[in-house]
Amino acid sequence: GHYGRGKNGGSIEVDDVVKPKKKKNADGVEVDDGEPKIRTLKLTVDKIKSKMEATRKKLDQVLGDMQIKDANKTVALGTSKINYMDPRISVAWCKRHDVPISKVFNATLQAKFMWALDVDPNFRF
């Protein structure tokens, strides 16, 4: 956009493109509400610096989230629960702490471990 020094010397004017808002037509489908509009913002150096810092923080957060998501792709988080841990331990824990078993075992695993679902809440391995 266009920028230049404002009259007061401490701020600059920046043309900002504002995307049109989406509205729903009679069929409920979202459609653009006309052409993009341009508004002029008066920004001080401090405002620009704070916006840049906020944008950097958002970028760092997104990059961190992307790295975590990528790292988790290679780890099957439920593997040890399914293959190595006695399901009676998980079921007993759920019963002791009033946690629905569906939060720990999906329907397929509940069917697989049907034999463990009747365990006493005080079960000790």
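**From one residue to the whole chain**

Mentor: Let us begin with V119, which is placed in the segment after α4. Please keep in mind that this is a predicted model.

Trainee: Is V119 buried or exposed?
Mentor: V119 counts as buried, because its relative accessibility is 12%, and the cut-off for buried is under 20%.

Trainee: Which residues does V119 touch, leaving out those up to four places away in sequence?
Mentor: V119 touches R88, V91, A92 and K95. As for distance along the chain, V119 and I89 are 30 residues apart, and their C-alpha atoms are separated by 8.7 Å.

Trainee: Which residues make up the largest nonpolar core?
Mentor: That core has 12 residues: V91, A92, C94, I101, V104, F105, L109, F113, A116, L117, V119 and F123. Helix α3, residues 87-96, supplies the largest share of this core, with 3 residues. As a general point, nonpolar side chains in soluble globular proteins tend to be buried together.

Trainee: What is V91 in contact with, beyond its neighbours within four places in sequence?
Mentor: V91 is in contact with I101, F105, A116, L117 and V119.

Trainee: Which residues of α3 are buried?
Mentor: The buried residues of α3 are P87, S90, V91, A92 and C94.

Trainee: What comes after α3?
Mentor: α3 is followed by D98, whose phi is positive, near 55°. D98 lies in the loop between α3 and α4, the latter being residues 107-112.

Trainee: Is D98 buried or exposed?
Mentor: D98 is exposed, because its relative accessible area is 72% and the cut-off for exposed is over 50%.

Trainee: Changing topic: how many salt bridges are there?
Mentor: The count comes to 1 salt bridge. R88 forms a salt bridge with D86, and the closest N and O atoms are 2.5 Å apart.

Trainee: How accessible are R88 and D86?
Mentor: R88 counts as partly exposed, with 27% relative accessibility. D86 counts as buried, at 13%.

Trainee: Now the outside. Which residues form a nonpolar patch on the surface?
Mentor: L59, V62, L63 and M66 form such a patch, with about 370 Å² of accessible area together. L63 is found in helix α1, which covers residues 45-72. L63 counts as partly exposed because its relative accessibility is 40%.

Trainee: And the strands? Where is V18, for instance?
Mentor: V18 is found in strand β2, residues 11-18. V18 is partly exposed, with a relative accessible area of 31%. Not counting residues up to four places away in sequence, V18 touches P36, K37 and R39. The C-alpha atoms of V18 and E35 are separated by 9.2 Å, and these two residues are 17 residues apart along the chain.

Trainee: Let us step back. How many helices and strands does the protein have?
Mentor: The secondary structure comes to 4 helices and 5 strands. From the N terminus on, the elements run β-β-β-β-β-α-α-α-α.

Trainee: What share of the residues counts as buried?
Mentor: Of the 125 residues of the protein, 15% count as buried. The accessible surface comes to about 10500 Å², of which 55% belongs to carbon and sulfur atoms.

Trainee: What about contacts between residues 24 or more positions apart?
Mentor: Such residues account for 46% of the contacts in the protein with a separation of 6 or more.

Trainee: Finally, where is confidence lowest, and where is it highest?
Mentor: Confidence is lowest in strand β1, residues 3-5, at a mean of 50, and highest in α3, at 93. The mean pLDDT of the protein is 82, and 88% of its residues reach 70 or more.

Technical notes: Residues are numbered from 1 along each chain as its sequence is written. This is a predicted model: local features need pLDDT of at least 70, side-chain atom pairs count only at pLDDT 80 or more; totals for chains, interfaces and linings use all residues. Side-chain values use heavy atoms; hydrogens and water are left out. Patches are made of residues with over 30% relative accessible area and no salt bridge: like charges are joined within 9 Å, nonpolar side chains (Val, Leu, Ile, Met, Phe, Trp, Tyr) within 5 Å. Accessible areas come from the Shrake-Rupley method with a 1.4 Å probe; for residues, only the protein chains shown count as cover. A salt bridge is a side-chain nitrogen of Lys or Arg within 4 Å of a carboxyl oxygen of Asp or Glu. Helices (H or I, at least four residues) and strands (E, at least two) are DSSP runs, numbered from the N terminus. Buried means under 20% relative accessible area, exposed over 50%, partly exposed in between (1.4 Å probe, protein chains only). A nonpolar core is a set of buried Ala, Val, Leu, Ile, Met, Phe, Trp, Tyr and Cys residues joined through side-chain atoms within 4.5 Å. Contact means heavy atoms within 4.5 Å. pLDDT is the predictor's confidence in each residue, from 0 to 100.
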